[in-house]
Amino acid sequence: MIWTCPVCHAENSGGGSFCKECGFDRSRDYETYPTLTAPLPAGAQPVSALAVARQQKLAPGAMKCPDCGNLTFYCSLQLGQLICTRCHGAVPLAGKAPMHRVSPPAKTPSPSLRRGAVIACGAETVVAIKADGTCVVAGNNRSGQCRVEGWKDLIAVAAGDEHTVGLRSDGTVVATGSNWSGQCGVSDWAGITAIAAGRWHTVGLKEDGTVVAAGGNGDGRCNMGDWTDIIAVAAGGNHTVGLRADHTVVAVGTNFLYGQCNVSGWHDIAAVAAGACHTVGLRTNGTVVAVGSNGSGQCNVRKWTDIIAVAAGEHHTVGLKSDGTVVAVGENSSGQCNWGWNGMVAIAAGGNQTVGLRADGVLALAGGSHDILRSVKQWRDIAVPASPSAGPAQRVPFFGRGNRT
């Protein structure tokens, strides 16, 4: 008998109750397995509102992993251990002796383990990862940004104005398209856990919480050399945003006109996104904040609630609600904010288009060109991310990685 772990989504065989990857005990209700901080391990998701409620009440940074120094854990009361979300090392709970040592995960994650965005939008492209780990791209190919033949084992994608980026399951990165600013110079990157693509630059988050970048840096958008403890990245037109493990936000790049980098006062942020000249933050309570250019109303998100994911296009902002519906504000010249979608599990925005992914692996498109629409309508078997999960049964914020695409 094969069963899938609800925490890390690893497949387990036999009648045992412990997940071989993360130590989850399926013989007990998951509500007894709270976490100390968000996000959960890559690919993991909370499966009840109570788990998240207990998660938010516990103090982040209460202890450090003795093996790697990480501050984020999830908790097994049955095993009497805290499990590190970075190295999966086990630490005894106070007053309890360890009962079981969780084996470290394999160096190469399973292809089904999605660590980032499975869909992305560029200025004039839509990108998606298929269930088999390959990639499909529709749209303008004048700079070769649709040339993704041969890409495989992908776990995340990102798209800039005229380039496309893919993250492989082994932590390496591939890129195609315009490279006049060096934004595709990622062939030597390794140990990458998340990616983002801006107008003329590419950003990679490393396993140790530091950030690397390639591309034009005239305005300092690649000046992330001193960033540490980063858990998510987003790239806008000419700025880069980082989410720290303590759920504060940092940003570099162009700021003098619109203030899109004025995020130093943000806290309790679970995910970030970046548009051409605005930055969006998803709070842990499901509300949303935004700064920067608001000429099209793209920052009018104060009334949003119950949001589990955010995306930012050129001049519009999109939010995925926990019931699978989608909200949007900002420019709507191409209908990028017009839809009646439901049952969505992921969203992406870029240029003048918005994409939503349904649980059956089919995409919906608003805005964009007719050529893109025709291609996207034919796509099937798009990889459904392990998280966020949207639906009536789970009305909780997703603590995951944001990405401007």
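This is a predicted model: local features need pLDDT of at least 70, side-chain atom pairs count only at pLDDT 80 or more; totals for chains, interfaces and linings use all residues.
Three strands form an open sheet in the order β6-β7-β8, and the pairing is antiparallel. β6, residues 119-121, and β8, residues 135-139, are the edge strands; each has a single partner strand, so one side of each has no neighbour in the sheet. From one strand to the next, the twist averages 15°. β7 covers residues 125-129, and five bridges join β7 to β8 in the antiparallel sense. Within that pairing, V126 sits opposite A138 of β8.

Now the cores. The largest nonpolar core has 31 residues, and those touching the most other members are I119, V126, C135, L357, L363, W379 and I382. Which elements supply at least two residues each to this core? They are β6, β7, β8, β9 at 154-159, β24 at 344-350, β25 at 353-358, β26 at 363-367 and α2 at 370-378. Taking C135 as an example, and leaving out residues up to four places away in sequence, its contacts are V127, A128, V148, W151, L154 and V157. There is also a second, separate core of 14 residues, with I231, L243, V249 and V291 among them. As background, nonpolar side chains in soluble globular proteins tend to be buried together.

Last, the glycine. G171 lies in the loop between β10, residues 163-168, and β11, residues 173-177. Is G171 buried or exposed? G171 is buried, at a relative accessible area of 3%. In sequence G171 and E207 are 36 residues apart, while their C-alpha atoms are 8.9 Å apart in space.

Conventions
Residues are numbered from 1 along each chain as its sequence is written. Side-chain values use heavy atoms; hydrogens and water are left out. Two strands pair if DSSP finds at least two bridges between them. Helices (H or I, at least four residues) and strands (E, at least two) are DSSP runs, numbered from the N terminus. Axes are lines fitted to C-alpha atoms, for helices over the stretch in contact, and angles run from 0 to 180 degrees between N-to-C directions. Buried means under 20% relative accessible area, exposed over 50%, partly exposed in between (1.4 Å probe, protein chains only). A nonpolar core is a set of buried Ala, Val, Leu, Ile, Met, Phe, Trp, Tyr and Cys residues joined through side-chain atoms within 4.5 Å. Contact means heavy atoms within 4.5 Å.
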